[in-house]
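Let me put the structure up, and then I'll talk through a few spots in it.

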Amino acid sequence: MPAKSIMIQGTASDVGKSMICTALCRIFSDAGLKVVPFKSQNMALNSFVTEDGGEIGRAQGVQAEAARVIATTDMNPILLKPKQDMVSEVIVHGKHFLNMDAKSYRNKFVQEAMPIVEKSVRTLQNTYDVIVLEGAGSPAEINLKDRDIANMRMAHLADAAVILVADIDRGGVFASIIGTLALLDDAERARVKGLIINKFRGLRELLDDGIEWVERETGIPVLGVVPYVDVNIEAEDSLALSSLRFKKPKPGEFLVDIAMIRLPRISNFTDVDPFFDEPEVGVRLIANVAELGTPDLLILPGTKSTMDDLAWLKAQGFEQAIANLRARGTKIIGICGGFQMLGETLLDPDAVEGNGDAAQGLGLLPMETVFVGDKKTVQMTGTRGNDTFTGYEIHLGRTKILRNEVSPFLQLNDGRVDGAVSVDEQVIGTYFHGLFHNRSFTRQLVNDIRMKKGLAVLPSDVKSDAERREDAYNMLAAHVHANLDMEKIYDILNIEVSI
């Protein structure tokens with residue numbers, strides 16, 4: 001019997017679709033159902049590497065973990081990663097397919113993608129009890145509907161009941177619901193079986209009149225009002241960079257000051273998420289030299305275009321500013337593209353990154369990077385001393401150490417070495433995404449900074465990242481379950497479950 005399907009669509013981007021999907025994956029799993037997430041086409045700066053080396057949207061990797069299943073590329077068969085203005089890398093079933101501009105993608109590739117997407121849906125339908133589909137943006141983008149492969153076309157393909165989520169935090173919630181429904185055709189509107197008002201702050205009873213009106217006006221039940229919650233689950237795209245977790249601190253507000261440069265093509269910025277859990281640590285996003293100050297730790301993050309972002313970095317005056325920080329004792333860590341920038345030379349002989357030019361790096365580590373067309377995507381395990389690290393690689397460049405002035409950062413389980421560390425350990429470069437999610441390392445890093453500043457150290461025993469993620473999934477599921485009419489949702493799916 002094919003899986004039952006429920007699809008979470010939104011009145012706009014960033015209304016909380018991913019979080020609702022994550023919560024439902026854990027709720028259905030807790031109910032004993034074999035559940036799987038699915039998003040046909042995802043545009044994301046943060047990605048996830050599957051066990052077999054495929055690259056999918058980070059949200060689907062997170063949702064798979066919440067559902068207690070192993071992530072596969074069928075859960076997100078098409079991933080778009082913004083690379084340059086109006087150009088994205090198209091990833092099909094986890095592997096680089098081509099780079100394509102938005103017009104070509106919409107006019108040429110979208111229809112070719114449907115058989116790929118349908119095959120993944122059928123595979124999941126034959127394997128699981130419930131599919132939780134996630135839409136993209138809004139289903140009411142009338143200029144895009146004729147080539148939609150992410151919203152209502154997916155709902156029809158999977159025979160999914162659609163739940164429409166609206167964000168009350170941004171205002172105009174009832175107008176956004178009515179407007180979205182008004183722009184759907186009859187067949188699309190018939191699929192919408194419920195509404196969720198998300199990110200609510202305030203007195204619940206003050207919404208009652210509005211809810212009664214919208215139910216009467218639309219004939220569609222409001223299945224719940226979900227209060228705003230800050231849960232430590234990784235974000236998917238650049239909208240999360242405006243999160244309140246990144247903020248400009250007041251003088252003395254944080255004892256440990258960490259700055260991350262906001263590269264124009266920043267990617268996998270969730271690498272820094274663990275620092276938000278560290279006591280008395282502040283993380284700032286820096287877009288220009290004037291904001292830099294003298295942080296205790298400077299992070300150069302990943303990027304979708306190392307050469308372009310390196311040129312931007314230099315044009316903004318960061319090259320000298322970073323050299324000054326190095327001289328003053330600031331610790332500097334570069335990850336992936338940020339690691340490549342720390343080297344001396346970057347070569348692009350096959351024009352993988354652009355027009356084939358070479359570039360001089362920041363010169364903080366004696367390294368050379370050559371960009372090649374074969375993209376490396378792999379889960380990683382490595383060791384440093386007695387510590388074991390887990391993470392993942394996503395990069396095009398191949399980097400080698402030029403002189404023995406530095407040592408490798410990690411010994412990898414496949415026999416390779418990764419990264420480079422200066423003799424004084426002040427500068428570290430690595431391809432290891434997820435480095436800071438190795439919580440013992442991060443706590444020791446913070447304690448090293450605290451000791452240098454004469455501050456008391458924090459306890460070394462910390463929860464693992466896996467434990468923290470489980471806590472977050474369970475907390476989110478309990479929060480959403482308490483504020484949704486799950487009995488109605490199971491009725492919509494025609495599934496019998498004890499509530």
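So, to start: is aspartate 465 buried or exposed? Aspartate 465 is buried, at a relative accessible area of 10%. For cut-offs, buried is under 20% relative accessible area, exposed is over 50%, and partly exposed is in between, with a 1.4 Å probe and protein chains only.

Quick housekeeping. This is a predicted model, so local features need pLDDT of at least 70 and side-chain atom pairs count only at pLDDT 80 or more, while totals for chains, interfaces and linings use all residues. Residues are numbered from 1 along each chain as its sequence is written, and side-chain values use heavy atoms, with hydrogens and water left out.

Back to aspartate 465. Its side chain meets that of arginine 469 in a salt bridge, 2.7 Å from N to O. By salt bridge I mean a side-chain nitrogen of Lys or Arg within 4 Å of a carboxyl oxygen of Asp or Glu. Arginine 469 is partly exposed, at 26% relative accessibility. Both sit in helix H12, residues 465-483, and because they are 4 residues apart, about one helical turn separates them. Salt bridges with shared partners also join Glu65, Asp277, Arg439, Asp465, Arg468 and Arg469 into one network. On element names: helices (H or I, at least four residues) and strands (E, at least two) are DSSP runs, numbered from the N terminus.

How many salt bridges are there in the whole structure? The search finds 35. Let me show two others. Aspartate 159 pairs with arginine 191, with the closest N and O atoms 3.2 Å apart. That one links distant parts of the chain: aspartate 159 is in the loop between helix H4 (152-158) and E10, arginine 191 is in helix H6, and they are 32 residues apart. Aspartate 159 is exposed at 56%, whereas arginine 191 counts as buried at 18%.

Then there's aspartate 374 with arginine 398, where the closest N and O atoms are 3.8 Å apart. Here strand E21 holds aspartate 374 and strand E22 holds arginine 398, 24 residues apart. Aspartate 374 is exposed at 53%, and arginine 398 is partly exposed at 28%.

Next, helix H5, residues 173-182. Its buried residues are Val173, Ile177, Thr180 and Leu181. They cover an arc of only 95° around the axis, so they end up on the same side of H5; the arc is taken over directions from the helix axis to the C-beta atoms. Ala175 and Ala182, on the other side, are exposed. Covering the buried residues are, among others, strand E10 (161-167), helix H6 (186-191), strand E11 (192-200) and helix H7 (208-218), where contact means heavy atoms within 4.5 Å.

The structure has 1 cavity of 30 Å³ or more. On a 1 Å grid over the protein atoms alone, a cavity is a set of points where a 1.4 Å probe fits but cannot get out, and lining residues have an atom within 4 Å of a point. The largest cavity holds about 180 Å³. Its lining has 19 residues, with Thr303, Lys304, Ile394, His395 and Leu396 nearest the centre. E22 gives the largest share of that lining, 4 residues.

That's my tour, thanks!

Methods. 1 Å grid on protein atoms, 1.4 Å probe; cavity = no way out; pocket = protein on both sides within 12 Å on 5 of 7 lines; lining within 4 Å. Points joined across faces, edges and corners; volume = space filled by probe spheres on them.
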